[in-house]
Amino acid sequence: MQFTNELIKMNPSRKRPKEGDIFVIQPKENVYFYGKIIRTNLPSTNGAVRGWNLIYIYRQSAKQITLPDFLNPKQLLIPPQIVNNQGWLKGYFQTIGNVPVTLKDIAQDYGFLDYITKKYVDEEGRFLSHKPLTFTNYGLGSYGVIGILVQKALVANPELADIN
């Protein structure tokens, strides 16, 4: 049974995601967007987030699954997300290679809005001293949430999914 209509299922994997893994998602037939695992096994005071993965989904897309030469951390399709491993286990995220996480990757001005405290936090739940340039709600997402956010981004920017 398919849980999400927002992403097309590819190849399930039991291989545990690693920092630097490059993966693809497929929101439309033969349209792939790239993602990267920035951190794994997150430490956090929030039990729902602790132990999971911080990922980026980039605006860069392709018609075929190939390892890109470069992914620009300033060109994200959706804000950084914290996800569990179900996207890989169910086949909605497909790892295609590994490229080390760089200082440019982690130097981005992003954060999360903690709905309880109404303050901005980093992925570990530590308070930020400013409103980050890019943010989303603090909590654990899933491949279904990623699919919904990507589809909303594509509705707002349909040219991103038009690959000639």
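**View 1. L113 faces Y120 of strand β7.** The model is predicted: local features need pLDDT of at least 70, side-chain atom pairs count only at pLDDT 80 or more, and totals for chains, interfaces and linings use all residues. Residues are numbered from 1 along each chain as its sequence is written, and side-chain values use heavy atoms, with hydrogens and water left out. Strands (E, at least two residues) and helices (H or I, at least four) are DSSP runs, numbered from the N terminus. Two strands pair if DSSP finds at least two bridges between them. β6 (residues 110–114) and β7 (residues 119–121) pair in the antiparallel sense over three bridges. Together β6 and β7 form a hairpin with four residues between them. K118, in the turn, has a positive phi of about 60°.

**View 2. β6 also pairs with β8 (residues 134–137), in the parallel sense.** Four bridges join β6 and β8. L113 stands opposite N137 in β8, and T136 is the bridge partner of F112. The open sheet runs β7-β6-β8, with mixed pairing. β7 and β8 each have a single partner strand, so one side of each is left without a neighbour in the sheet. Neighbouring strands are turned by 40° against each other on average, direction ignored. Axes are lines fitted to C-alpha atoms, for helices over the stretch in contact; angles run from 0 to 180 degrees between N-to-C directions. β6 is mostly covered, with four of its five residues buried. Buried means under 20% relative accessible area, exposed over 50%, and partly exposed in between (1.4 Å probe, protein chains only).

**View 3. Five strands form an open antiparallel sheet.** Their order is β4-β3-β2-β1-β5. β4 (81–83) and β5 (94–98) are the edge strands, and each pairs on one side only. The twist averages 40° from one strand to the next. Helix α3 packs on this sheet, touching β1 (21–28), β2 (31–39), β3 and β4. The direction of α3 makes about 65° with that of β1. Contact means heavy atoms within 4.5 Å.

**View 4. β3 (residues 53–62) and β4 pair in the antiparallel sense.** Three bridges link β3 and β4. I55 stands opposite Q81 in β4. The loop between β3 and β4 holds K74. K74 counts as exposed because its relative accessible area is 66%. K74 and A107 are 33 residues apart along the chain, with their C-alpha atoms separated by 9.9 Å.

**View 5. The largest nonpolar core has 21 residues.** A nonpolar core is a set of buried Ala, Val, Leu, Ile, Met, Phe, Trp, Tyr and Cys residues joined through side-chain atoms within 4.5 Å. I25, I55, I57, F93 and I146 touch the most other members. β1, β2, β3 and α3 each supply at least two residues of this core. α3 gives the most, with five residues. Leaving aside neighbours within four places in sequence, F93 has contacts including L7, M10, F23, I25, I55, W88 and I146. A second, separate core of 19 residues includes I38, A62, I82 and F112.

**View 6. I148 sits in helix α3 (residues 143–156).** I148 counts as partly exposed because its relative accessibility is 39%. I148 and E6 are 142 residues apart in sequence. C-alpha to C-alpha, I148 and E6 are 6.0 Å apart in space.
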